[in-house]
Amino acid sequence: MVASKNKLNFISIFFCSRCNLNCIHCGYGFKNNTQKDELPVSFFIKALKEAKELGASSVNITGGEIFIRKDCFDLLDGAFALGYNVNIETNGVLLTQESIEKLKQYGSKLRVAFSVDGLNKETHEKIRGKGTFDKTMSVLKSLSKSDVRVRVNTVMQQFNKDQIPAMAKYFVEDLGVGFRLLPSILEQETKDSCNCIKLEVPYADIDNVLQNFMYDFMRKHKDKDISLSVNVALVPFDIENFMLCPWGKNSLGISYDGTVSLCHNRSGNKIFTFGNLKDQSLKDIWINSEQANFFKNYNCNKLKGVCSKCLAKKICRGGCRVHAMAAYGDIYAPDPFCQKVYELGKFPEYALKDSTHDE
């Protein structure tokens with residue numbers, strides 16, 4: 001086992017470079033990808049073994065759509081055999097009855113996160129495409145009756161913003177599954193890479209949903225798997241399940257082509273790339289990579305914009321760095337969402353340090 005300061009806890013595997021859908025808010029452009037760069041399951045099992053030796057205990061498997069790959073269950077079997085806690089992300093459309101029964105056999109060792117963006121067919125399919133809603137809901141409902149832990153991930157956008165309260169109530173109270181709300185659309189590269197600007201919800205509407213529903217709903221169901229992808233400074237003190245990504249300190253991403261990077265959110269910017277497992281061991285990358293160590297020792301005092309003034313900056317470290325780079329082209333740029341709230345004069349005063357004295 002490596003020294004505690006280098007201990008790896010969590011990895012996210014970007015297992016598949018392809019997707020069967022073409023969601024309007026997605027900035028990846030999966031439709032043009034092929035499987036030619038996707039490495040075999042044996043490669044990822046070896047990586048999981050190496051990560052285990054470094055201290056990792058949890059793995060998230062995502063894509064693309066992971067069930068495009070016929071060997072996806074081989075990866076799941078391997079992860080469980082190594083003792084990992086496993087979370088997978090899927091749109092659910094490709095899961096057959098046989099696949100559903102296999103997932104049920106994993107029981108509570110597995111959590112499945114389904115992407116659902118509407119409470120009805122019209123809304124969901126406007127975002128994810130024709131024929132997706134009934135299939136996804138059927139799989140979700142089936143797994144919700146098993147021991148598998150199930151959660152719904154919903155990205156708030158113009159088409160579904162008015163349905164968020166009804167969705168949260170239905171999934172949590174009626175189906176008994178978890179619910180994660182992402183109020184803003186994550187930019188992967190630039191604002192031109194997806195429909196972020198056209199689809200993003202004005203902050204006033206986001207704040208309305210949070211203040212008049214979401215916070216009270218989370219207080220009411222403290223024991224449920226409900227989370228909110230909003231940085232810590234923006235949420236009330238008693239709301240616990242806010243966005244707190246472990247980037248840099250004890251997590252990393254492994255891509256379908258062996259690239260090791262800050263997280264599974266692939267970016268063309270080399271600042272987020274640590275190495276490739278086809279050329280180096282995971283231990284070598286994790287301990288010796290200049291970029292990996294840059295993020296482990298990330299200097300929050302260099303953050304700019306509202307993040308430079310925020311009392312929570314050492315907790316969230318400025319939020320998503322991929323998002324900040326996409327928006328501002330600066331690794332020390334402020335979190336775009338927090339900066340927007342600040343510029344609107346809505347950033348909580350209690351979260352801002354007194355500018356008359358130093359830290």
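## Charges over rings

In this predicted model, the charged end of R69 lies over the ring of F15, at 3.9 Å from the ring centre. A second case involves R317, whose charged end is placed over the ring of W247, 4.0 Å from its centre.

## Aromatic pairs

The whole structure holds 20 aromatic pairs. One of them joins F43 and F44: the ring centres are 5.6 Å apart and the planes meet at 80°, so this pair is edge-to-face. F43 is buried, with a relative accessible area of 18%. F44 is also buried, and its relative accessible area is 0%.

The rings of F294 and Y332 form another edge-to-face pair, with centres 6.3 Å apart and planes at 70°. This pair connects distant parts of the chain, 38 residues apart: F294 belongs to helix 10 (residues 290-296), while Y332 is in the loop between helix 13 (321-328) and helix 14 (336-343). F294 is partly exposed at 26% relative accessibility, whereas Y332, at 14%, counts as buried. Both residues belong to a cluster linked by ring pairs, made up of W247, F272, F274, F294, F295, Y298 and Y332. W247 of this cluster is the residue whose ring lies under the charged end of R317.

An open sheet is formed by 11 strands, in the order 8-7-6-5-4-3-2-1-9-10-11, with mixed pairing. Its edges are strand 8 (242-243) and strand 11 (273-276), each of which pairs on one side only.

Within the sheet, strand 5 (residues 149-155) pairs with strand 6 (residues 178-182) in the parallel sense, over 5 bridges. R151 is placed opposite G178 of strand 6.

## S261 in strand 10

S261 lies in strand 10 (residues 259-261). It is buried, with a relative accessible area of 11%. Its side chain reaches the backbone oxygen of C263 at 3.0 Å.

Apart from neighbours within four places in sequence, the contacts of S261 are L252, G253, F272, T273 and F274. Among these, F272 and F274 are also members of the aromatic cluster.

## The nonpolar core

The largest nonpolar core has 102 residues, of which V86, I88, L103, F171 and I254 touch the most other members. Helix 8 (residues 203-220) makes the greatest contribution to this core, with 9 residues.

For L103, contacts beyond four places in sequence are F67, F73, L76, I88, L95, L110, L143 and V148.

## D117 and its surroundings

D117 is located in the loop between strand 4 (110-115) and helix 4 (121-128). D117 is buried, and its relative accessible area is 0%. A polar atom of the D117 side chain lies 3.1 Å from the backbone nitrogen of V155.

With neighbours within four places in sequence set aside, D117 is in contact with H25, T123, H124, I127, R128, N153, T154, V155, Q157, N160 and M167. V148 is 31 residues from D117 along the chain, and the C-alpha atoms of the two are separated by 21 Å.

The relative accessible area of D330 is 19%, and the residue is buried; the cut-off for buried is under 20%. A polar atom of the D330 side chain lies 2.9 Å from the backbone nitrogen of Y332.

Leaving out neighbours within four places in sequence, D330 contacts K304, A324 and M325.

## Helix 14

At the start of helix 14, a side-chain oxygen of D335 comes within 3.0 Å of the backbone nitrogen of F337. The buried residues in this helix include P336, F337, C338, Q339 and V341. Helix 8, strand 7 (226-231), helix 11 (306-309) and helix 13 are among the elements that cover the buried residues of helix 14. After the helix comes G345, which has a positive phi, near 75°.

Conventions
Residues are numbered from 1 along each chain as its sequence is written. Side-chain values use heavy atoms; hydrogens and water are left out. Helices (H or I, at least four residues) and strands (E, at least two) are DSSP runs, numbered from the N terminus. Buried means under 20% relative accessible area, exposed over 50%, partly exposed in between (1.4 Å probe, protein chains only). A polar contact is a pair of N or O atoms within 3.5 Å; within protein, one must be able to donate a hydrogen and the other to accept it, and residues adjacent in sequence count only if both atoms are side-chain atoms. Contact means heavy atoms within 4.5 Å. Rings of Phe, Tyr and Trp (its six-membered ring) pair if their centres lie within 6.5 Å; planes under 30 degrees apart count as stacked, over 60 as edge-to-face and the rest as tilted. A charge sits over a ring if NZ of Lys or CZ of Arg is within 6 Å of the ring centre and within 35 degrees of the ring normal. A nonpolar core is a set of buried Ala, Val, Leu, Ile, Met, Phe, Trp, Tyr and Cys residues joined through side-chain atoms within 4.5 Å. Two strands pair if DSSP finds at least two bridges between them.
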